[in-house]
Each structure stands twice: as C-alpha cells, then as structure tokens.
Amino acid sequence: MLVDDHAVVREGYRAVLQKQPGLRVVAEAADGVEAYRLFKEIKPDLVIMDLAMPGIGGIEAIRRIRQWDRNAQVLVFTMHQNAAFAVQAIRAGARGYVTKTSPPETLVQAAMDVLSGRIAISPDIEHELALSKLAGEVVAADVLSPREFEVLRMLLAERTSDEIADTLHISPKTVANLHYLIKTKLGVGSDIELVRLALRQGILSQRDWGEA
C-alpha cells in the first residue's frame, strides 16, 4: 500500500515498484486516516508511507497501524532528511526509512529488505543519525515519544490545542499536558525557545517558520 498525499508521487513510485517481480500495489491512500482504514480492510504485506500529510502525520499513522497489528511492515519514504524524524518513525514501528532524494533502486532494495524482515535505512539518513549523536543539547528524537513528537510537530505548525485534540482524538487538557511535558523534557521554558530548538535540530525549517 502506498501512502502519500501527492497523486503524482504515488504514480511515480508505483511504476517503479510494480516493475519488480512479486510486487503489486494493492491500495493507495492520501492521508494517515485513510491509510489506517485501508490497512485494516486490505491488510497489505508492506506499507510505504510518507510523513508529511494533512491531518495526522505519518508517524502517528504508523503508531496506529502497529498498535492494531504488531506485525505490520512499514517503510517510510519521505522528504525529511533529518535524524529526528527517522528515530521517531522507527520508534513508532517503521522498519525502514528512505528519503525521496535517494535513487529508485534504494527504495526498491529497502522494500525487499523490509519484506524480508530486515531494517532498511538509506545512506544519507545513516549519516544524519551519526551526526545527531555529536550534538551537545537534548535531542528531541531521543526523549520524546511518537505521540509527543506528533504534538510537537502540530504545535510548530501553529495548530491550536482544540485542533490538535480533534485530530488526535484526545482532550484539549491532554494536549496542554503534553505541551508542558514536551517543554520540560526538552529543557525549554517558552514556545519561542521550543521553536529555536526545533530550528537548530532541523525539525522545523527556516522556510516553514517564515511561512507560518
């Protein structure tokens, strides 16, 4: 099953994957909610999932799918060339992480590896993971749970507590508690410090912040 909010992107990697013997795309989804629903209905052998989508992101979708089926095989295929997203995706239950800047054969090999029960990480992300260990400050990916990381992502996108609560099916009070816990774990005292940390660690890009 392919999960990406851009139909053109899905069409491109569907064409690449279906050239491989034994691989067939049985479903496509444009967001995390649809992916979760279709997974329960179709039970594909492999899910190839983007992270940046409308509504719940890929990390939350992975968490829900793996909660429903602990044996689900999920491979992330995303533009996020950042160690924090890779760590959180794996922690949520993904078995592989490949960036969209990788050549097509890297995606194909990763799909085969995950289907064979192996972890698959593209070389550029392996490099980012190694570099992240050299940072001197608390790394968000290391201390936040997948649910906390998803709330952080939404807070950085300037979603309100009510919007986050509605998307994640939790109460606004729970969102407020998570907001406080995130700041505590990261050792920051304000939202502006939270933004600065997210910019330093590549969770939020300068362009995204400028457009917010």
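Predicted model: local features only at pLDDT ≥ 70, side-chain atom pairs only at ≥ 80, totals over all residues.
Figure 1. The axes of helix 3 and helix 8 (residues 146-156) cross at roughly 150° and come within 9 Å. Angles over 145 degrees count as roughly antiparallel, so helix 3 is roughly antiparallel to helix 8. The crossing of these two helices is left-handed. On the side of helix 3, the residues that meet helix 8 are Ile59, Glu60 and Arg63. Helix 8 meets them with Pro146, Arg147, Phe149 and Glu150. Sorted by class, this contact holds four charged and three nonpolar residues, and no polar ones.

**Figure 2. Helix 2 and helix 3.** Helix 3 (residues 58-68) also packs with helix 2 (residues 32-42). Here the axes are 9 Å apart and the angle is about 20°. Because angles under 35 degrees count as roughly parallel, helix 2 is roughly parallel to helix 3. Helix 2 and helix 3 cross in a right-handed way. From helix 2, the contact takes in Gly32, Ala35, Tyr36, Phe39 and Lys40. From helix 3, the contact takes in Ala61, Arg64, Ile65 and Trp68. The residues of this contact comprise six nonpolar, two charged and one polar.

**Figure 3. Helix 1 and helix 5.** Helix 1 covers residues 7-17, and helix 5 covers residues 104-115. Their axes cross at roughly 65° and come within 10 Å. Angles of 65 to 115 degrees count as roughly perpendicular, and helix 1 and helix 5 are therefore roughly perpendicular to each other. Their crossing is right-handed. Helix 1 makes the contact through Tyr13, Val16 and Leu17. Helix 5 makes the contact through Pro104, Leu107, Val108 and Ala111. Seven residues of the contact are nonpolar, with no polar and no charged residues.

**Figure 4. The second largest pocket.** By class, the lining of the second largest pocket has eleven nonpolar, three charged and one polar residue.

How values were computed:
Residues numbered from 1 in each chain as written. Heavy atoms only, no water. 1 Å grid on protein atoms, 1.4 Å probe; cavity = no way out; pocket = protein on both sides within 12 Å on 5 of 7 lines; lining within 4 Å. Points joined across faces, edges and corners; volume = space filled by probe spheres on them. Nonpolar A, V, L, I, M, F, W, Y, C, P; charged D, E, K, R; others polar. Axes fitted to C-alpha atoms, helices over the stretch in contact; angles between N-to-C directions. Helix = DSSP H or I, 4+ residues; strand = E, 2+ residues; numbered from the N terminus. Left-handed = near helix turned anticlockwise from the far one by under 90°. Contact = heavy atoms within 4.5 Å.
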